[in-house]
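Trainee: Could we go through this structure together, and could you tell me what stands behind each word we use?
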Amino acid sequence: MTELYRLRSVTMRYGSNVAVDIDSLAIDSGRLYTLTGANGAGKSTLLGILAFLTPPTSGEVFYGGERIDWKNDIVRLRRRKVTLLHQSPYLFGGTVFRNVAYGLSARGIGGDAVASAVDRALRTVALEGFRDRDARELSGGEAQRVAMARALALAPEVLLLDEPLANIDRETAGLLEAVIASLPSRGTTVVMTTHDPDHPARLSGGSIVLEGGKVAHADL
Amino acid sequence: MDFLVSSFAAALRLIVSFSPDVVDAVRTSLSVSAGATVCAAVFGVPAGLAVGLSGSRWKGVAVTGLNTLMAAPTVVVGLLVYGFLSRQGPLGALGLLFTPTAIVIGGTLLASPIVANYMLASVRGADPRILPTALTLGAGPVRAAATLVGEIRFGVFAAVIAGFGRVVAEVGVAMMLGGNIRGYTRTMTTAIALETSKGEFSFGMALGIVLMTVALIVNLFLSLLQRR
């Protein structure tokens with residue numbers, strides 16, 4: 001395993017509130033990590049930093065050995081290697097196809113390559129035949145699966161999942177859990193927040209526990 | 001009461017008979033308002049978007065500035081543009097004063113802050129997940145902003161329609177910059193002001209009816225968009 005992320009003295013403050021305060025944390029490539037902690041422990045904030053969406057207030061973040069310069073345009077290129085899937089994902093207006101193809105179009109990919117990548121991703125989440133459906137008319141579980149397909153279509157180096165299995169039915173949760181568990185074998189690093197105490201053992205990966213923004217326990 | 005009823009009947013006759021003066025005023029009003037609205041959309045939509053998405057500490061100043069400009073009296077805007085376009089003004093050589101183009105310029109200045117403010121309100125009311133979703137899927141800042149505009153497109157239409165409503169109903173700018181020249185720069189509002197002052201109440205009422213009909217159509221369209 002090679003080190004993918006390294007965080008050094010990373011803090012994130014909102015006014016006087018310290019959301020994240022991490023002395024040191026390393027995340028290896030091709031592994032699955034569960035990120036647990038109480039509400040407000042800093043899990044979502046940490047995912048925002050790892051997704052290169054939110055620059056930390058202070059500290060250094062290294063990705064693939066390279067120090068991230070948050071003011072540099074290169075951070076946008078790094079962002080394309082990482083995809084964050086929110087707990088309550090937003091689906092753009094239009095069809096399921098438009099949603100799943102969005103990231104591919106943003107990368108300048110078009111034509112048959114998009115169609116086949118979209119179909120493959122929809123097949124992975126068992127939504128064949130959904131590509132022409134209106135994304136706004138899907139059930140919560142279907143929307144979650146479309147959002148997962150949208151992320152998988154990009155084949156990201158890192159997939160960050162913010163409680164992806166919350167608020168969905170057991171069948172959908174089982175399907176998505178199986179998809180998530182299979183990702184490290186395809187080379188994708190996964191960091192997943194969860195409140196389910198069984199997930200760390202069941203998904204047999206690394207485990208990071210946050211308390212008050214600090215790493216209380218890390219089984220890496 | 002008889003005066004109003006007979007004037008109303010005369011006004012309807014003028015409309016139904018397509019009186020050339022009425023048709024000219026309506027045509028001029030709609031064309032300069034459409035031109036000013038398009039220009040205001042070009043300036044106002046990006047301005048509202050930029051202010052709405054800005055994290056700058058000057059954002060409050062920009063919002064206050066837009067609100068102040070939105071409340072600017074039409075005659076003040078007319079006066080300002082008149083100063084630029086008059087023969088002694090810096091743009092006097094262009095010969096634009098008392099032309100439809102001058103009204104379009106004034107209308108653009110009037111409508112742009114309204115479009116920008118409506119746009120700003122739409123951006124503030126947009127789902128906060130839109131931009132992070134676009135960015136994490138690999139969109140650059142421009143594409144992400146375009147995606148946001150697409151997602152709040154009904155708010156954008158509402159902004160543009162509100163701008164049109166402002167321009168088509170104003171009289172100060174059209175009067176000062178257009179000069180109320182018959183068949184050339186005479187709009188519905190300036191014609192109403194002139195004809196009523198001359199005692200041609202029914203003519204003014206005919207244009208008033210058309211103006212109210214336009215306002216009604218615009219507002220119906222706006223309500224329709226807001227309901228979506």
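Predicted model: local features only at pLDDT ≥ 70, side-chain atom pairs only at ≥ 80, totals over all residues.

Trainee: What makes chain A as compact as a globular protein of its length?

Mentor: The globule rule is 2.2 Å times the number of residues to the power 0.38, and the radius of gyration is taken over C-alpha atoms. For 220 residues the rule gives 17 Å, and chain A has a radius of gyration of 17 Å, close to that, so chain A is as compact as a globular protein of that length.

Trainee: Why do β2 and β5 of chain A count as standing at the edges?

Mentor: Strands are DSSP runs of E, at least two residues long, numbered from the N terminus, and helices are runs of H or I, at least four. Two strands pair if DSSP finds at least two bridges between them. The open sheet has the order β2-β1-β4-β5 in chain A, with antiparallel pairing. Both β2 (17–28) and β5 (66–67) of chain A have a single partner strand, so one side of each is left without a neighbour in the sheet.

Trainee: How do you know that β1 and β2 of chain A pair?

Mentor: DSSP needs at least two bridges, and β1 (residues 3–14) of chain A and β2(A) have 10, in the antiparallel sense.

Trainee: How many residues of chain A are in contact with chain B?

Mentor: Contact means C-beta atoms, placed from the backbone, within 7 Å. By that cut-off, 17 residues of chain A are in contact with 14 residues of chain B. α3(A) gives the most to that side of chain A, with three residues.

Definitions and conventions:
Residues numbered from 1 in each chain as written. Chains lettered and ligands numbered in written order. Contact = placed C-beta atoms within 7 Å.
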